[in-house]
Amino acid sequence: MKKRNKGINQDTIQGFNRSLIISLLRKQGMCSRVQLANTTGLKQATVTNIINDFIKWGFVKEVGFLNGSKGRRSIGIAINTDTFRVIGVRIARKYYSVGLFDLTGKMHQLQRVETNLEEQPKDIFSNIKNMIQEFLNQNRSYTILSIGVAIPGPFIQKEGRIGLMTEAEGWKHILIKKELEELYHIPVILEHDANAGVYTQQWHSKEASECEVLIYVAVGQGIGAGIMIDGEVMKGSLGTAGEIGHTCINFNGLKCSCGNTGCLEKYCSSIAFTNAVNEATKKKYTFEQIKELTKQGDPLCLQKFTEACEYLGIGIVNIVNNFNPDMIILGDEMAHINPSLMYNTVCETVKSRVIPEVWENLKIGFSNIKNDSILHGAAIVAINEVFENPARFIEENIHP
Ligand SMILES: [Zn+2]
């Protein structure tokens, strides 16, 4: 109901046009003003105005000449990677990571820390704050424009907090966005981890960026889907859309802390896979140990992994029937154990359970970002915010 009967004002259009130009500069690396106008379909005067603003704020810069038609040379424009940085943070159930990125989305620094479920969320959060502070101290030569934080869902966007983190309940009482903004005076953008993942695919893969319906499925310690339709992430009313980990695949199944029974993530998350192996072996392996055993071809681990992938396939059938995607990208830690076994098992399950036309139109694949798509996505939402709402950043951070 909220957005109905709303017009589009000038600022919204301007924000949209700015994003268009930036995404082109990101894909091409360097463009002339004429190329930007021709490719985006915007008037040259509009492009010139936007580029002038971007140059004034230092977001883009002129870099040498491009050879155009009829031997004409024109000035090349590129995103400025010298002055600004953003920080990406990922909070997962059993680790957190912090990365430093430039405005093209390239990662320059990374720290990852394992945590365990006995640690209090408030203590983990205070360690995360210390690490962000360390990054800020080490990068005083740059202006840090924004901080993007990817968190597991269900996530309550309006309040800037996690709604439920299975097995780590304390998180829901922490106002992540508010606390970080008060501490650093830098805009903080929270995003659901799977949504962050889908932004990364759109940003770094040409094929993914051209999909009408693109879905990133994070198969990690929880399971979530980032659903992108015509370039926009579907958020739902509170921002909790895409919580496929809590869709039911067995209504007589295991009880979940969300209130439902037989939730998908109870059967194929990395935590569920670890539990399944430990129950069968009566051992207390960690996920990392089981990952190694599976890679070495341990028959029981392979069997449990295959079962987990079958369950995942059933969850994906539900997604396919709901959204009819062009492409589904599988990511996060379960996708890095044995990608070909996961691919074959998921494809077999999906192919046998959806109608042939839908199957033939569907591509299933893996992320081309090997080092934590979701952390990269946290940075991308921070960068998007800079380009879409530059006024938020220039007044506070940029001194002429
Ligand atoms: Zn659930």
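This report covers salt bridges, cysteines, surface charge and backbone angles in a predicted model.

## Basis

Residues are numbered from 1 along each chain as its sequence is written, and side-chain values use heavy atoms, with hydrogens and water left out. In this predicted model, local features need pLDDT of at least 70 and side-chain atom pairs count only at pLDDT 80 or more, while totals for chains, interfaces and linings use all residues.

## Salt bridges

The count comes to 16 salt bridges, each a side-chain nitrogen of Lys or Arg within 4 Å of a carboxyl oxygen of Asp or Glu. One of them pairs Asp332 with Arg90, with the closest N and O atoms 2.8 Å apart. Asp332 lies in the loop between S13 and helix H12 (339-351), and Arg90 lies in strand S3 (residues 84-91), so the pair ties together parts that are 242 residues apart in sequence. Helices (H or I, at least four residues) and strands (E, at least two) are DSSP runs, numbered from the N terminus. Asp332 and Arg90 are both buried. Buried means under 20% relative accessible area, exposed over 50%, and partly exposed in between (1.4 Å probe, protein chains only).

Glu191 and Lys235 meet at 2.9 Å, N to O. Glu191 sits in strand S9 and Lys235 in the loop between strand S12 (232-233) and helix H8 (265-268), so this pair links parts 44 residues apart in sequence. Glu191 is buried at 3%; Lys235 is partly exposed at 22%. Shared partners also join Arg18, Asp53 and Lys56 into one network of salt bridges.

## Cysteines

A disulfide is a pair of cysteine sulfur atoms within 2.5 Å. The count is 0 disulfides. For Cys347, the closest cysteine sulfur is in Cys309, 11 Å away and too far for a bond. Cys347 is buried, at 11% relative accessibility. Cys263 is buried too, at 0%.

## Surface charge

Glu212, Asp230, Glu232 and Glu388 gather in a patch of negative charge on the surface. Such patches take residues with over 30% relative accessible area and no salt bridge, with like charges joined within 9 Å. Glu388 lies in helix H14 (residues 373-388) and is partly exposed at 36%.

## Positive phi angles

Most residues other than glycine have a negative phi. His185 has a positive phi near 55°. His185 lies in the loop between helix H5 (176-184) and strand S9 (188-192) and is exposed at 61%.

Asn324 also has a positive phi, about 45°. Asn324 is in the loop between helix H11 (299-323) and strand S13 (327-331). Asn324 is partly exposed, at 41%.

How values were computed
Patches are made of residues with over 30% relative accessible area and no salt bridge: like charges are joined within 9 Å, nonpolar side chains (Val, Leu, Ile, Met, Phe, Trp, Tyr) within 5 Å. Accessible areas come from the Shrake-Rupley method with a 1.4 Å probe; for residues, only the protein chains shown count as cover. Lys and Arg count as positive and Asp and Glu as negative; His and the chain ends are not counted. The place of a charge is taken as NZ of Lys, CZ of Arg, CG of Asp or CD of Glu.
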